[in-house]
Amino acid sequence: MDHPLIQHKLTIIRDKNCGTKEFREVVNEIAELMVYDVSRDFALEDVVVETPMGKTTQKTLAGKKIAIIPILRAGLGMVDGILELLPAAKVGHIGMYRDETTFQPTEYFVKMPEDIASRDLLVVDPMLATGGSAIMAVDALKKRGAKTIKFVCLVAAPEGVEALREKHPDIDIYTAALDDRLNEDGYIVPGLGDAGDRLFGTK
């Protein structure tokens, strides 16, 4: 997404001197701004309302239900920003950790709304690096009946995009930036470091 506000705010959180408080606030702001594009294809329907000047037929969201699915723990940093614009959305959680040697994800927790099959799901994680966590998250959702899934991240590596597209070509990927590559440790370059550690002040 090349919107100037998104690019400006992304530069703020790329800076290694950006503190935890500011990092957390700006991640939420970027997620909120991204909702405009992510929701561009949401269905509308006609509704009759009465303005101070009389009745009129106008557009409203067609009532398709939304769920936000953060990949723990870093994905939590994007949830509040999205909820600012989609306050009726339900929130599920997928917990995964990455083996620092193999870079492979391991699922340890899944808690979803019961009706995910009838919802549009926004899977959120600040980083799409190797693609392993995203693929496993989508696998877990499809196994539970999910049909409409979008993946939303702040920074993606070409390798992660390719891997997710290969495994799940039906999934739309939304990212604020497509970076250069992964390094030998599986981190995005130039990236913004470990998003979870920077969000929660851990090392």
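Predicted model: local features only at pLDDT ≥ 70, side-chain atom pairs only at ≥ 80, totals over all residues.

Reader: Great. How do the axes of H1 and H2 sit, in distance and angle?

Author: The axis of H1 (residues 4–14) comes within 9 Å of the axis of H2 (residues 20–38), and they cross at roughly 155 degrees. Since angles over 145 degrees count as roughly antiparallel, that makes H1 roughly antiparallel to H2.

Reader: Is the crossing left-handed or right-handed?

Author: Left-handed, as H1 passes H2.

Reader: Nice. Which residues meet there?

Author: From H1 you have Leu-5, Ile-6, Lys-9, Leu-10, Ile-12 and Ile-13. On the H2 side they meet Glu-22, Phe-23, Val-26, Val-27, Glu-29, Ile-30, Leu-33 and Met-34. By class, that contact has eleven nonpolar residues, three charged and no polar ones.

Reader: Which residues of H1 are buried?

Author: Ile-6, Lys-9, Leu-10 and Ile-13. Looking down the axis of H1, the buried residues fall within an arc of 105 degrees, so they line one face of the helix.

Reader: And what do those buried residues pack against?

Author: Besides H2, they pack against strand S9 (148–156), strand S10 (172–178) and helix H6 (195–200).

Reader: Which exposed residues are on the face turned away?

Author: Pro-4 and Thr-11 are the exposed residues carried by that face of H1.

Reader: Switching topic: where does Phe-151 sit, and is Phe-151 buried or exposed?

Author: Phe-151 belongs to strand S9. With a relative accessible area of 1%, Phe-151 is under the 20% cut-off, so it counts as buried.

Reader: What does Phe-151 touch, leaving out residues up to four places away in sequence?

Author: Its contacts are Ile-71, Val-123, Asp-125, Met-127, Leu-128, Ala-134, Leu-164, Ile-171, Asp-172, Ile-173 and Tyr-174. Take Ile-171 from that list: Ile-171 and Phe-151 are 20 residues apart in sequence, with 6.9 Å from C-alpha to C-alpha.

Reader: Which residues is Asp-120 in contact with, neighbours within four places aside?

Author: Lys-64, Lys-65, Ile-66, Ala-67 and Thr-148 are the contacts of Asp-120.

Reader: Thanks, that helps!

Notes: Residues numbered from 1 in each chain as written. Heavy atoms only, no water. Axes fitted to C-alpha atoms, helices over the stretch in contact; angles between N-to-C directions. Helix = DSSP H or I, 4+ residues; strand = E, 2+ residues; numbered from the N terminus. Parallel < 35°, antiparallel > 145°, perpendicular 65-115°, else oblique. Left-handed = near helix turned anticlockwise from the far one by under 90°. Contact = heavy atoms within 4.5 Å. Nonpolar A, V, L, I, M, F, W, Y, C, P; charged D, E, K, R; others polar. Buried < 20%, exposed > 50% of the residue type's maximum accessible area, 1.4 Å probe, protein only. Arc of directions from axis to C-beta.
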